[in-house]
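Please open the structure in the viewer and keep the selection tool at hand.

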Amino acid sequence: MGALTSFLRRPGPRAGVVLPSAADSKVKHRPRIKSGVTLVLFAGLFATPAHAATGEAVNPWVALAYLVSGVFFILALRGLSSPATSRTGNRFGMIGMLIAVVTTLVTHFPMRTETTGPDAMNVVIDGATTLEILAAIAIGAIIGITIARRIAMTAMPELVAAFHSLVGLAAVLVGWAAYLNPGAFGLLVDGEIGAVSKVEMGLGIAIGAITFSGSVIAFAKLSGRMSGSPILLPARHVINLGTLAAIIVLTALFAMAGPSDTMPLIVALTVLAFLIGFLLIIPIGGADMPVVVSMLNSYSGWAAAAMGFTLGNTAMIITGALVGSSGAILSYIMCRAMNRSFISVIAGGFGADDSGAGGGEAKEQRPYKQGSAADAAFMLEQAEKVIIIPGYGMAVAQAQHALREMADMLEEKGVEVKYAIHPVAGRMPGHMNVLLAEAQVPYENVFELEDINSEFAQADVAFIIGANDVVNPAAKTDKSSPIYGMPVFDVDKAKQVFFIKRSMGGVGYAGVDNDVFYMDQTVMLLSDAKKMVEEIVKALD
Amino acid sequence: MDFISILSIFVLACFVGYYVVWSVTPALHTPLMAVTNAVSSVIIVGALIAAAAADVPGAKWLGLLGIVLASVNIFGGFAVTARMLAMYKKKEKK
C-alpha cells in the first residue's frame with residue numbers, strides 16, 4: 001500500500017511547481033524519462049501485466065490507478081465552478097491523465113522484455129517499442145502545444161471543433177485496432193470476439209466516426225473555409241434517418257456475425273458513420289454553431305465511454321460519462337437560450353428557410369439616426385451607468401482590447417460600466433467571457449443575461465457591439481419571427497442605445513430585421529467595431 | 001470486469017457529471033469545453049495498448065497514429081485551457 005500511495009502522490013508536487021504552460025510538456029515527460037527504473041520496479045509489482053487493462057484477471061492496483069485517474073478528472077471539472085479554483089482543477093486533469101498514461105505504459109511495456117519469464121508466451125514480435133511510443137507522444141505534444149500557444153482567442157471555437165475531430169478519429173482507430181487485434185485487448189471469448197464487445201466496439205467506432213466528420217464540417221464552417229449557411233439536401237431527413245437505421249442494423253449484424261464475416265460489416269459501419277456525421281452538420285447554419293460544438297463535445301465523450309466499455313477501463317468510462325454529460329448540458333443551455341428544441345437544431349436549416357421571407361418581403365426603408373464617435377463619446381461621458389453588450393461581431397473585429405480601454409477611461413470618469421453576455425453570444429458557450437478575460441476585463445463586471453436584464457431600466461446607455469439577434473425585441477413581440485421566444489436583452493428600456501454595426505445592410509444570423517435600429521433613442525454607429533471604439537477612445541481623451 | 005459493474009460505474013459517473021457540470025460557472029464554459037476535450041483523450045490508453053501489443057502489423061500503426069492524435073489533444077487541450085485560465089487570473093489581481 002505504501003508503494004501505491006507514493007505512486008499516486010508522485011506527480012502531485014511536480015505538477016504544482018512548474019508553470020501551467022510548461023507543465024504540459026514537463027509533467028508528462030519526466031516520469032517517462034525515469035521510466036527505465038520505474039518500469040522495472042512496477043513490472044515486479046503488478047502480477048499480471050499483460051492482462052492488466054483487459055477483461056480478465058484485472059490487477060486490482062491497476063484498476064485502482066485508473067479509478068484514481070477518473071476521480072482526478074471529476075475534480076478537474078469541479079474546479080471550474082469558480083475562476084479562483086479553476087487552475088488547480090486543470091492541474092488535477094493533467095495529473096489524472098499522467099496516472100492513466102503511466103499506468104498503461106507500466107502494465108503493457110514490461111512484458112516485452114520478459115522473454116524468459118512466465119509471460120514469455122505473450123511476448124510480441126511486432127509491437128511498437130517504447131521509443132516509438134515516446135516519439136508518437138512527442139510529435140503530438142509538439143503539435144498540440146504549438147497550436148495552443150499560437151491560437152487567437154477569437155479562434156477558440158474552431159480549435160475546439162478541430163480537437164473534437166481528433167478524439168473522434170482516435171476512437172475510430174482504437175476501435176479498429178481492437179477489432180484487428182482483439183487478443184491484445186483481452187476481448188477473445190472462445191477464440192472470437194464476444195458479442196457484447198462487438199456491440200461496444202461497433203458503437204465506439206460509429207460515434208467516433210460521427211464525431212470526426214461532424215467536427216471537420218463544424219471546423220470548416222467556423223473557420224470560414226466553408227460557407228456558414230446551411231446546405232440543404234432534398235429529402236435529407238429521410239437520408240439521415242435511413243443512414244442511422246442502417247448503422248444500428250449493421251451494428252447488430254456485426255455483433256451476431258461469425259468471425260469470418262465481420263470485416264465487410266465493420267467497414268460498411270465505419271463508412272456510413274463518417275457519412276452521417278457529414279450529413280448531420282452540413283444543414284446546420286452559423287447561428288446554431290454553439291449547439292453543434294457542444295453536441296460534438298458530448299459525442300466525443302460518448303465515444304470515449306464506448307471504448308472504455310470495450311476495454312473495461314474505469315478512467316475512460318468515467319471521463320466519457322463526464323464529457324458526454326458536459327456536452328449535453330451545454331447543448332441544452334444553448335438551446336434554451338435560443339428557445340429552440342434540440343431536435344429542431346439537429347434537423348438543421350435555421351436561417352435558410354427564412355431568407356426567402358425576410359428578403360423577399362422588402363420592408364420599406366425606415367428612418368434611423370446615425371451618429372459619430374464624438375457623439376457617442378459625449379453621451380458615454382455624461383452617463384452614470386453603461387451596459388456593454390458584446391457579440392460575435394466584436395470577436396470578428398478583435399475589438400475587445402479597444403473596448404476595455406474605452407471602459408477603463410469611462411470608469412476613470414466615474415461611469416459605472418458593466419458587461420452583459422447572452423448565453424449564445426459568439427460561436428461557442430462562454431466565448432465572449434474568454435475574449436473579455438483576454439482583454440483583462442475583471443470578471444466581476446461581466447454578467448449573465450438573467451442577472452443583468454432588470455438593470456437596463458436604470459442604465460443611461462446600452463452599448464451594443466457586434467451583437468444583433470440577442471437584443472431584438474421581435475423575440476418578445478413578433479410571433480412569426482424565427483427568433484420568437486428567445487430570451488433577449490431589454491435594451492429598449494435604456495435611455496440611450498448605441499449600436500455599432502458595419503452597415504445597415506447586414507442582418508443577424510437569424511436573418512431578421514431589428515426594431516432596435518429604428519428606435520428614437522438609438523444611434524447607429526456604422527463602422528468596423530474596432531475602428532469605431534478606437535475613435536471613441538480618442539474622443540474621450 | 002463484468003458488464004454490469006462497468007455499467008454501474010458509467011451510470012453513476014453520468015450523474016456525477018450532471019451535477020458537476022451544472023456547478024460550472026457560465027463564464028468558464030469555453031475552458032470547460034477545452035478541458036473536457038483534453039480529458040476525453042484518455043482514449044490514448046486504448047491507443048497505447050494497441051501499439052504496445054500488436055501481433056497484427058496494421059494494428060500497431062493504428063495505435064501509434066491514435067497516440068499522436070490523442071497527444072495533440074491532451075497537450076493542446078490542457079495548454080490552451082491553462083492559457084485561458086491564466087487570463088482570468090490576471091484580473092483577480094487588479
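The stops below follow the salt bridges of this model.

The model is predicted, so local features need pLDDT of at least 70 and side-chain atom pairs count only at pLDDT 80 or more, while totals for chains, interfaces and linings use all residues. Residues are numbered from 1 along each chain as its sequence is written, chains are lettered from A in the order in which they are written, and side-chain values use heavy atoms, without hydrogens and water.

A salt bridge here is a side-chain nitrogen of Lys or Arg within 4 Å of a carboxyl oxygen of Asp or Glu. Over all chains, 11 salt bridges are counted.

Begin by selecting Lys60(B) and Glu132(A), whose closest N and O atoms are 3.4 Å apart in a salt bridge. This pair joins two chains, because Lys60(B) belongs to helix α4 (residues 57–93) of chain B and Glu132(A) to helix α7 (residues 130–150) of chain A. Helices (H or I, at least four residues) and strands (E, at least two) are DSSP runs, numbered from the N terminus. Lys60(B) is buried, at 10% relative accessible area, and Glu132(A) is partly exposed, at 26%. Buried means under 20%, exposed over 50% and partly exposed in between (1.4 Å probe, protein chains only).

Next, select Lys385(A) and Glu455(A), a salt bridge with 2.6 Å between the closest N and O atoms. Lys385(A) lies in strand β3 (residues 385–390) and Glu455(A) in the loop between α20 (449–452) and β6 (461–465), so the pair ties together parts of chain A that are 70 residues apart in sequence. Lys385(A) is buried at 9%, and Glu455(A) is buried at 14%.

Finally, select Asp490(A) and Lys493(A), which form a salt bridge at 3.5 Å, N to O. Asp490(A) is buried, with 11% relative accessibility.
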